[in-house]
Amino acid sequence: MAPAPIQFDRATGALEGANALERMAACALVMGARVSSSFSYRGYNAAANLMRKALPERDIAIKLNPDATFVFPYGDGYWSKLLERSYRYEIELDLLFAHSADVDYTFVDCGANYGYWSVLVSSRPFGGHRTIAIEPSGANFARLENNARVNGGRFDVMKCAIGATRGTARLSGTKHEALSIVGSDDTGEEVPVIRLDDLIDDGQLAVDGKYLVKLDVEGVEIDAIRGGERLLQADTAILCEEHGSDRAHTVSRFILEHTPLKLVVYDPGSNQFEAVVDLAILDRIKVASNVGYNVVGTASAFWLARIENLNASAAKRAMRN
């Protein structure tokens, strides 16, 4: 029987159920996050994963808010930065989801990994939204299912990849956060592939709904967009990851040149979502090659107005401070 998870509360900093070695590891993980934050956490994942080998195999359950618990292997390099309480994972998405808590929308989490955003967006402080979490990897999907179970089964899970056509593909990679069906060989895990529009055809989504669709699909973002033409004509905003190492800004270029979507990106300098009318703004914002940057694409007047409202709220808070 697996040992009970370590418990950590991000609001209070309380760490419970950890032995002396695990508490020392927590201190090292927190300090490592603080130090590496000044250079975009470069090297943190590798160092944490190396230290993890010295720890007993055990999970940690992090309370993200009073209605959201996220479970992952203790010492995992990608997720352990959450032990540093000031760390904000993908701040641009956090801002948009928090500001949209009062909107009646469905969240489609493509490339859900262990389900961090599905756990949060379906929680009461974020509006308790209906959520569909989609993840192709068998190992990741088991983690995703567990996080759905830990949070009362309040979001749906689907084991598949997203692409331009329905079919199958091979999934490969060595990091759980960077598995891809791009360039896979015959040794990878075979996974089913669906289009975003198949969610409409299969009765999962209605054409007249409001949607936020996260596309963290490791190089298949353009294929995913091509397979979601009808969904993107609805009140839908897509949240696409732009890799910092991609200086051609391939995903954003495709959206601007081949779709009717308007594009915005969060600028940490202004604390605003800025329109991407040309790609020069991404040259300035994408400063770290090891980091993903999310752009928001939408043809929906509703979502464009919500983003303008979010900017106005941020400006008012800045004036008060």
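A patch is made of residues with over 30% relative accessible area and no salt bridge, like charges being joined within 9 Å and nonpolar side chains (Val, Leu, Ile, Met, Phe, Trp, Tyr) within 5 Å. A salt bridge is a side-chain nitrogen of Lys or Arg within 4 Å of a carboxyl oxygen of Asp or Glu. The model is predicted, with local features needing pLDDT of at least 70 and side-chain atom pairs pLDDT 80 or more, while totals for chains, interfaces and linings use all residues. Residues are numbered from 1 along each chain as its sequence is written, and side-chain values use heavy atoms, without hydrogens and water.

**View A. A nonpolar surface patch is formed by Met 31, Val 35 and Phe 39.** Together these residues have about 290 Å² of accessible area (Shrake-Rupley method, 1.4 Å probe, only the protein chains shown counting as cover for residues). Val 35 belongs to helix 1 (residues 20-36); helices (H or I, at least four residues) and strands (E, at least two) are DSSP runs numbered from the N terminus.

**View B. Tyr 41 and its positive phi.** Most residues other than glycine have a negative phi. Tyr 41, not a glycine, has a phi of about 60°. This residue sits in the loop between helix 1 and helix 2 (44-52). Its relative accessible area is 21%, so Tyr 41 is partly exposed (buried is under 20%, exposed over 50%, partly exposed in between; 1.4 Å probe, protein chains only).

**View C. His 249 and its positive phi.** The phi of His 249 is near 55°. His 249 lies in the loop between strand 12 (235-243) and helix 9 (250-258), and counts as buried because its relative accessibility is 2%.
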